[in-house]
Amino acid sequence: MSTAVYDAIVVGAGSVGMPTAMSLAERGVKVLVLDQFPSPGQGSNKCAIGGIRATHSQAAKIKLCLESIRVFSTWQETHSDELEWLRGGYVFVAYRDKEEALLKDLLKVQKSFGLNIEWYDAKELLKIAPALKPEGLRGGTFSPEDGSASPMRSCLAFYRRARELGVECRFGERVTGIIRRRGTVVGVRTDKGGYASETLVNAAGAWCRSLAQAGGLDVPVQPDSHEAGITEPVAPFLGPMVVDIRPTPGAHNYYFYQHKPGQVIFCITPDPPIVGTDRRETSTFLPMVARRMVDLMPRLANVKVRRTWRGLYPMTPDGSPILGRSATLNGYVHAVGMCGQGYMLGPGVGALLARLVTDSLEDGDSAILDELSPDRQLGTVEALK
Ligand SMILES: Cc1cc2nc3c(=O)[nH]c(=O)nc-3n(C[C@H](O)[C@H](O)[C@H](O)COP(=O)(O)OP(=O)(O)OC[C@H]3O[C@@H](n4cnc5c(N)ncnc54)[C@H](O)[C@@H]3O)c2cc1C
C-alpha cells in the first residue's frame, strides 16, 4: 500500500494546531492533522477558561494576540458560527502598594506598544466593575479591547473551516515517530500507519516534548496542572475579566469573568507549580479559590458552582512560546510552549506559521519569530506571564 503524501502534517488538533491547519489550507497547502484524542480540542484547549487579551508585556505576544482578537471578534460576521466572543476587557485590581506599583510600571511598557490600557482610581474602576469590594481598593488597569470566547466553540469552528478547505483530520491516532532522511523530515509514524510530508508542525501542547524527542530534537516544555471552575448562569453583572495578582499561600494570581451566556468562569495559578500531566481535579481548589473570589466580590457568595476541572499548561522556562523552524532538522516547525495563553495565541500563531511555511512572511513577522525563536536564551521571565 502506498503512503499518503501531504504538503504539511500538523500534530495536534488543539488551540494552536487547528487554526494552524486552517491557515495553511487557506494558503493552498494540503494538510493532514493527527490527534491522539477522539475529536478536536480535547487536550488543553477544552480546559482553557476563554480569556483573550493583547495586553501582554512582550511585543511578540502582543502582535500575535492582536491578530487573534481580530479573528475571534470578526468570526461570526465572516463565518456565521457563534464563538460567544464578548469584548468585556480585562481589569487588573490593586488593593496594596505593591500591586499598584507593579501594574503602573507595567502600564508604561504596555502603552509604549500602543495598547489601549489605562490606570483607573478606585472610584472610576468601580464604575467598570461595580461588584468589586470597595474597601481598600486602590484602583487598577482596564484594557477595554480584550475579551473572551468559548474555547470549544472556537476549536470546532476552526476545525469545520479547515475541513471545508480540504484539511484531512485523523483522530484517535498517536504519532509515535518522526521519519527523517539526511537531516530532513520525510514523514511520521503513528500507532496506525505512516504518512509522508516534508513539513511537520509540532503543535502537540503538553505532550510536545516526547514528539520532538521522537525526531531526535528536544524542547524545554514541561506541563503543569491548573484547575478551573464554572458556575450556573446568572443575569449579567460583570463586564471584564478580573485578575487579582496578590499571592496567598498555595497560589499566585486568580482570575474570573462572566461568560456571554451568564456563567462565571474562574481559575487559579498554583504556587508552587504542580508539575506533571495529572488532569484529575482536587477537593482543595474550590474552597481556596471561592474564599478569595467572595472576598473580592461578595455577591459571588450567592452563585452556585456547577463543576470544576483540571488541565495542563505547556510551560517554557521563560513563560513564552517556542515558535519557528528547527535549525537542525529541515521541515520541522515548533509551535509549542504556549503556557497559559495558547487559546488566545492560537489564531495569531496559526496565521504566522502559515506565512512561514509558505515563504510569505510579512513585515514584522521576522521580529516575532526572533523573539520566540527555539534557539533563544530561555532566561528572562515576562512580568505577567
Ligand atoms: C485551567 C486552564 C485555564 C486556561 N485558561 C486560558 C485562557 O483563559 N486563555 C488562554 O489563552 N489559555 C488558557 N489556558 C491555556 C491553554 O489551554 C493552553 O495554552 C492551550 O490550550 C495550549 O494549546 P496547544 O495547541 O499547544 O495544546 P492542546 O490544545 O493541548 O493541543 C495539543 C494536541 O496535541 C495532541 N497530541 C499531543 N501529542 C500527540 C501525538 N504524539 N500524537 C497525536 N496527537 C498528539 C493532543 O491530543 C492535543 O489535542 C488555560 C489552561 C488551563 C489548564
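An oxygen atom of the ligand lies 3.1 Å from a polar backbone atom of asparagine 45. This is a predicted model, in which local features need pLDDT of at least 70, side-chain atom pairs count only at pLDDT 80 or more, and totals for chains, interfaces and linings use all residues. Residues are numbered from 1 along each chain as its sequence is written, and side-chain values use heavy atoms, with hydrogens and water left out.

| Residue | Atom facing a ligand oxygen | Distance |
|---|---|---|
| Serine 15 | side-chain N or O | 2.7 Å |
| Asparagine 45 | polar backbone atom | 3.1 Å |
| Glycine 51 | polar backbone atom | 2.8 Å |

Taken alone, the ligand exposes 1,000 Å², and the protein buries 99% of that. Accessible areas here come from the Shrake-Rupley method with a 1.4 Å probe; for residues, only the protein chains shown count as cover. Which elements give two or more residues to the shell around the ligand? They are β3 (31-35), β14 (222-233), β19 (305-315) and α8 (342-357), where helices (H or I, at least four residues) and strands (E, at least two) are DSSP runs numbered from the N terminus. Strand β19 provides the largest share, four residues.

In total, 38 residues surround the ligand, and the closest are Ser15, Asp35, Ser44, Cys339 and Met344; a residue counts as near if one of its heavy atoms lies within 4 Å. By class, the shell has 20 nonpolar, 15 polar and three charged residues. Here Ala, Val, Leu, Ile, Met, Phe, Trp, Tyr, Cys and Pro count as nonpolar, Asp, Glu, Lys and Arg as charged, and the others, Gly among them, as polar.

Strand β3 also belongs to an open sheet of six strands, ordered β9-β3-β2-β13-β21-β20 with mixed pairing; two strands pair if DSSP finds at least two bridges between them. At its edges stand β9 (168-171) and β20 (322-325), each pairing on one side only. Neighbouring strands of this sheet are turned by 15° against each other on average, direction ignored, using axes fitted as lines to C-alpha atoms (for helices over the stretch in contact) and angles from 0 to 180 degrees between N-to-C directions. Inside the sheet, β13 (residues 200-202) runs parallel to β21 (residues 332-336), joined by three bridges, and valine 201 has valine 333 in β21 as its bridge partner.

Another open sheet has four strands in the order β1-β12-β11-β10, again with mixed pairing. Its edges are β1 (4-6) and β10, each with a single partner strand, so one side of each is left without a neighbour in the sheet. The twist averages 25° from one strand to the next. Antiparallel strands β10 (residues 175-181) and β11 (residues 184-190) are joined by six bridges, with arginine 181 opposite threonine 184. These two strands form a hairpin with two residues between them, and arginine 182 in the turn has a positive phi of about 45°. On to the next pair: three bridges join β11 to antiparallel β12 (residues 194-197), where glycine 194 stands opposite arginine 189.

Stepping back, the protein's secondary structure comes to nine helices and 21 strands. Its radius of gyration is 21 Å, close to the 21 Å that the globule rule gives for 385 residues, so the protein is as compact as a globular protein of that length. That radius is taken over C-alpha atoms, and the rule is 2.2 Å times the number of residues to the power 0.38.

Terms used. A polar contact is a pair of N or O atoms within 3.5 Å; within protein, one must be able to donate a hydrogen and the other to accept it, and residues adjacent in sequence count only if both atoms are side-chain atoms.
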